[in-house]
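Let's take a walk through this structure together. Have the sequence and the 3D view open, and follow along one spot at a time.

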Amino acid sequence: MKRFGDVIRLPVVAADTAERVGKVTGVVLAPAPARVEFVHVHTVRGDELVAWAEVRAIGPDAVMINHVAGPFADASVSGRQSGPVGKSLLTDRGRRLGEVREVTFDEEDGRLVSLTTAADVLDGARLLGVGDFAVVITDQAIREADESGSGSASG
Amino acid sequence: MRFLIRVADVVGRPVVTLNGDAIAQVKDVVLGAADGRVKTFTLSGRGLMSGPLREVLPWRNVRAFGPDAVMVVNRSMVVEPDETESTGGTGSGVSGAAVLTVEGEDVGRVTDVILDVADDAAWAVGYEVRLGRHGAGRATVMMPVPLPIAATREHVVVPVASVRFTTEDLTGFREAARGLERALREEAS
């Protein structure tokens, strides 16, 4: 299990040439199934997205990729540059659960294990999307019946 | 999930796709004249420079009206306004209207509309009212009203009993609304 905080800023190294490609600046998540789809890498060419399939290993000191096959997808034109950490966590019922502080994934297969807010750890399998504004997960009726009587439920 | 919220607290809430993109924010809600139900959300763009949008979000395209955001499946849920749908009073349109009882007494001014939001519908259940003749008083209360809503930009008409069942804030409002319902049933029988 790896946390986003463990891999951010790790060097990305090609296993075939030992060349240093760049450093990790983020992860791009995708739903159905919830997983890490790309690793966001800052290279000499700019910000690029390395597909999970290209990742050979996520070690304690470096992210190893199979080949120096760059340039990879340009993160600024793909429109998928935004990572989950720091975004609002919303349910599909329009309820804000907090801000995403940490993301945990399985380094073997990229499966998203959990999303962490200041108050909660939520099952990563609930992921529906990560956009420019929020990370959206299924509601699953956590803490039901907290009918807001206070009115200004402005969060 | 079921909650009460004032229209002023809905205005400015983001409209968010399941992909997590905020595509607009709520400008106002359009309520059905007869049943007080939320029919449409009017929208404005997000960000400092963006103004009102021509496109609207009809209730049937809403995935969820939550306490913190209005959720939609994707961008295509926001559509060109259909004339039949955008008729009706806007939630903030009655602000400033005089609150008259059916006996013709002016008890104050509407400052906001209270919505009851359930999973599949949302409807007006009362007003926030500044009490005092012509709203000159200082006290603001939450006043339950029965359906159908009788409201124009100038006046809203409420049963005399509504005045007895006001609350200071939304806490206890549901109970007050049930009390009003009972009182009106007893009056009718």
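Asp6(A) is partly exposed, because its relative accessible area is 30%. Keep in mind as you look that this is a predicted model. The side chain of Asp6(A) meets that of Arg3(A) in a salt bridge, with 3.1 Å from N to O. Arg3(A) is partly exposed as well, at a relative accessible area of 43%.

Which residues are linked in a network of salt bridges here? Arg3(A) and Asp6(A) belong to it, together with Glu102(A). In general, side chains of opposite charge can pair when their charged atoms come close.

## Two other salt bridges

Over all chains, a search of the whole structure turns up 15 salt bridges. One of them is in chain A, where Arg111(A) pairs with Asp106(A) and the closest N and O atoms are 3.9 Å apart.

Now hop over to chain B. Arg185(B) forms a salt bridge with Glu181(B), and the closest N and O atoms are 3.9 Å apart. These two are four residues apart in helix 4 (residues 173–188) of chain B, so about one helical turn separates them. Arg185(B) is exposed, with a relative accessible area of 51%, while Glu181(B) counts as partly exposed at 48%.

## Chain A as a whole

Chain A holds two helices and 15 strands. Of its 155 residues, 48% count as buried. Its accessible surface comes to about 7300 Å², and carbon and sulfur atoms account for 49% of that. If you look at contacts between residues at least 6 apart in the sequence of chain A, 46% of them join residues at least 24 apart.

How confident is the predictor about chain A? The mean pLDDT is 87, and 85% of the residues reach 70 or more. Residues 142–155 of chain A are a stretch to read with care: pLDDT stays under 50 there, and the model has 30 contacts beyond four places in sequence for them.

## A four-stranded sheet in chain A

Chain A has an open sheet of four strands in the order 1-11-12-13, paired antiparallel. Strand 1 (2–3) and strand 13 (121–123) of chain A are the edge strands, each pairing on one side only. As a general point, strands of a sheet pair through backbone hydrogen bonds, either parallel or antiparallel.

Strand 12 (residues 112–116) of chain A is joined to strand 13 of chain A by three bridges, and the two run antiparallel.

## A buried alanine

Is Ala30(A) buried or exposed? With 3% relative accessibility, Ala30(A) counts as buried. Ala30(A) lies in strand 3 (residues 20–30) of chain A. Leaving aside residues up to four places away in sequence, Ala30(A) touches Arg35(A), Glu37(A) and Leu127(A). From Ala30(A) to Asp139(A) there are 109 residues in sequence and 17 Å in space, C-alpha to C-alpha.

## Strand 10 of chain B and its neighbors

Strand 10 (106–117) of chain B has 10 of its 12 residues buried, so the rest of the structure largely encloses it. How does strand 10 of chain B pair with strand 1 (residues 3–6) of chain B? The pairing is antiparallel, over four bridges, and Phe3(B) stands opposite Val117(B).

Strand 11 (residues 122–131) of chain B pairs antiparallel with strand 10 of chain B over nine bridges. The two form a hairpin with four residues between them, and Val117(B) stands opposite Ala122(B). Strand 9 of chain B is joined to strand 10 of chain B by three bridges, again antiparallel, with Ala98(B) opposite Arg109(B). Strands 9 and 10 of chain B also form a hairpin with four residues between them, and Gly104(B) in the turn has a positive phi of about 90 degrees.

## A nonpolar patch on chain B

The loop between strand 9 (98–101) and strand 10 of chain B is where you'll find Val102(B). Val102(B) is exposed, with a relative accessible area of 58%. Together with Val157(B) and Val160(B), Val102(B) forms a nonpolar patch on the surface, with about 230 Å² of accessible area in total.

How values were computed. Residues numbered from 1 in each chain as written. Chains lettered and ligands numbered in written order. Predicted model: local features only at pLDDT ≥ 70, side-chain atom pairs only at ≥ 80, totals over all residues. Heavy atoms only, no water. pLDDT = per-residue confidence, 0-100. Contact = heavy atoms within 4.5 Å. Pairing = 2+ DSSP bridges. Patch = residues over 30% accessible without salt bridge, like charges linked within 9 Å, V, L, I, M, F, W, Y side chains within 5 Å. Areas by Shrake-Rupley, 256 points an atom, 1.4 Å probe, with all protein chains shown as cover. Salt bridge = Lys/Arg side-chain N within 4 Å of Asp/Glu carboxyl O. Buried < 20%, exposed > 50% of the residue type's maximum accessible area, 1.4 Å probe, protein only.
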